[in-house]
Number of protein chains: 2
Amino acid sequence: MTERKKYNVAVVGATGAVGKKILETLEKKDFPIENLKLLSSSRSAGTKMKFNGKVYTVEEAKPERFEGIDIALFSAGGSVSKALAHEAVAKGAVVVDNTSAFRMEHGVPLVVPEVNEADIKEHKGIIANPNCSTIQMVAALKPIQDKFDLKRVIVSTYQAVSGAGAEAVEELKDQSQAFLNGEDLTSELLPVKGEDKHYPIAFNALPQIDVFQENGYTFEEMKMINETKKILHTQELSVAATCVRLPFFTSHAESVYIEVGQDNVTVEDLHKLLEEAPGITLMDDPANQVYPTPLDAAGHPDVFVGRIRRDLDQGNGFHMWVVSDNLLKGAAWNSVQIAESLINHNWL
Amino acid sequence: MTERKKYNVAVVGATGAVGKKILETLEKKDFPIENLKLLSSSRSAGTKMKFNGKVYTVEEAKPERFEGIDIALFSAGGSVSKALAHEAVAKGAVVVDNTSAFRMEHGVPLVVPEVNEADIKEHKGIIANPNCSTIQMVAALKPIQDKFDLKRVIVSTYQAVSGAGAEAVEELKDQSQAFLNGEDLTSELLPVKGEDKHYPIAFNALPQIDVFQENGYTFEEMKMINETKKILHTQELSVAATCVRLPFFTSHAESVYIEVGQDNVTVEDLHKLLEEAPGITLMDDPANQVYPTPLDAAGHPDVFVGRIRRDLDQGNGFHMWVVSDNLLKGAAWNSVQIAESLINHNWL
């Protein structure tokens, strides 16, 4: 038996919400690591973190840190990726980037391994991890697209605060406690850090995730629309999205309406298809009140699908409810899956 | 100047969440009341309640209580309405019923005054108040239907726990505090009282409101679909709904997709139309992060509309975000508006 090859891995943004989940996932999947380098902003440099029982000191992310690195997992915000990803590639690393910095760039594969793994081999040093809300939706849609053709998607999202980072989690906690105490709520972060206005998220719903574009859609909505078309390799697909931030901590849920290109597709056909689909867990038994919820999905890497039913007017239309842990399949888990594909297929 | 005629009014379910809001609304609108009778279950009978500074004792709801009553506002659950509404009518009262008991019954007007006030005059003693999530949606859709024709509606809802009654409000409070304390959550009520399974609502999302029907839709979803067609007087309209209960106390929000029957309709056309529409407040200025949220809408009788934007693929398709206080326009306010129409038009 030959020894498994091991790799030098850097995690950029190691102290963040997603960074921590990347480390947990690397441990859980027993990723073959020779040397691990934990990188962060200068602010968090010096932090001690444990990985597989060993203590690591987080270092400030700088170009020279990528010397000798095989795989760099970036999750420290778009500006860090823009500043350092090409530097890492120049030093010989392959970058799996969890930010929106390069997702729509021509020549950068945008990958959900269950959906378009083969795109990875076209990489020129950077592979982009899609937006969390996009990943779980396309994972559920891909088997349907392949078997029954897909014409149209209209999604309304129910998104957790952890998608806006650890500070947003704290803001929801603090505001919730203040509300229950009958105190005034302080809003300093959501809906978008750095924007002019902030609204309370506790016991509320905010129809803004990321900044508004000129066409009236938010950037989050445009990410879902454009990324879905790129990942599914179809510019003809109609995709519309409304993205809403809600007062829960983990997992995004999505109310998804689709129209397929074939007639006579049944709910049973979709059940059978999704039951066998990789990375999908079907939870759909209304008679027994079985459907996924964000709390159920938290901590699990799968995409959960339920409430599949035929549209009452449109014969080729179906509604479904898709839930997944936004920090796992929506971020860390998918990034590490891409890294696994890179080494398993020798696509480094 | 002649003195304004006054009426004998009964409120059935006076001690409930909606009953209290009905009393507040009658006070606020200075409804011309000669005698007021507050009725409830035997359990709540004897409760003292204040109305316009005077203390009333709640009596058990029984047929003989409706003797001499002109208008009876029912909001004590479907079974109470089924047991007592016809008895009240037999004693000469006109019933405005806030439950689902008679809504789809032929000959019972189902009314949102801004939308189909004239239907009231066809009543045979009972007028039904629509479901809360339906009312706010049809209020926003009616002006669009009239001016641009309406072909299709797909709605995903974001609904407050107060729609499930005062106990659900307590359950959300208790669970939220337990969660923040790191304690286990106890779920005894939601998603549906009396159902086999209960799921936590705190920091979660439940894609079930009311019981499931054989077609895989919940009763709440079928209410939205069927009531919308009845109120808008069009069986041809395509309507689809996904209803989701969320962890906030007051106001329902709705992500609504519509297709109109005319080409070349613009967002500006819809803005202009809704700005002038009765009972609607337009809050739609993305550049300044202006859109309605449930917390903003709470306590206000209007229906708030924002985030209107054209679908990027379907030229006659538009998305919008509709928010309203589910206990006011969604229940109490609309019921009292119906009672006002009855007296103003002499339709008693």
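User: In which sense do strand 9 and strand 11 of chain A pair?

Analyst: In this predicted model, strand 9 covers residues 150-158 of chain A and strand 11 covers residues 252-260 of chain A. A:S156 stands opposite A:S255 in strand 11 of chain A. Over 8 bridges, the sense of the pairing is antiparallel.

User: How many bridges join strand 9 of chain A to strand 10 of chain A?

Analyst: Strand 10 of chain A spans residues 238-242 and runs parallel to strand 9 of chain A. A:R152 has A:S238 in strand 10 of chain A as its bridge partner. The number of bridges joining the two strands is 5.

User: How many of the 9 residues of strand 9 of chain A are buried?

Analyst: Buried means under 20% relative accessible area. Strand 9 of chain A is mostly covered, and the buried residues number 8.

User: Which elements give two or more residues to the lining of the largest cavity?

Analyst: The largest cavity holds about 90 Å³ of space. Among the residues closest to its centre are A:I154, A:S156 and B:S255. The lining divides into 8 nonpolar, 8 polar and no charged residues. The elements are strand 9 and strand 11 of chain A, together with strand 9 and strand 11 of chain B.

Key: Residues numbered from 1 in each chain as written. Chains lettered and ligands numbered in written order. Predicted model: local features only at pLDDT ≥ 70, side-chain atom pairs only at ≥ 80, totals over all residues. Heavy atoms only, no water. Buried < 20%, exposed > 50% of the residue type's maximum accessible area, 1.4 Å probe, protein only. Helix = DSSP H or I, 4+ residues; strand = E, 2+ residues; numbered from the N terminus. Pairing = 2+ DSSP bridges. 1 Å grid on protein atoms, 1.4 Å probe; cavity = no way out; pocket = protein on both sides within 12 Å on 5 of 7 lines; lining within 4 Å. Points joined across faces, edges and corners; volume = space filled by probe spheres on them. Nonpolar A, V, L, I, M, F, W, Y, C, P; charged D, E, K, R; others polar.
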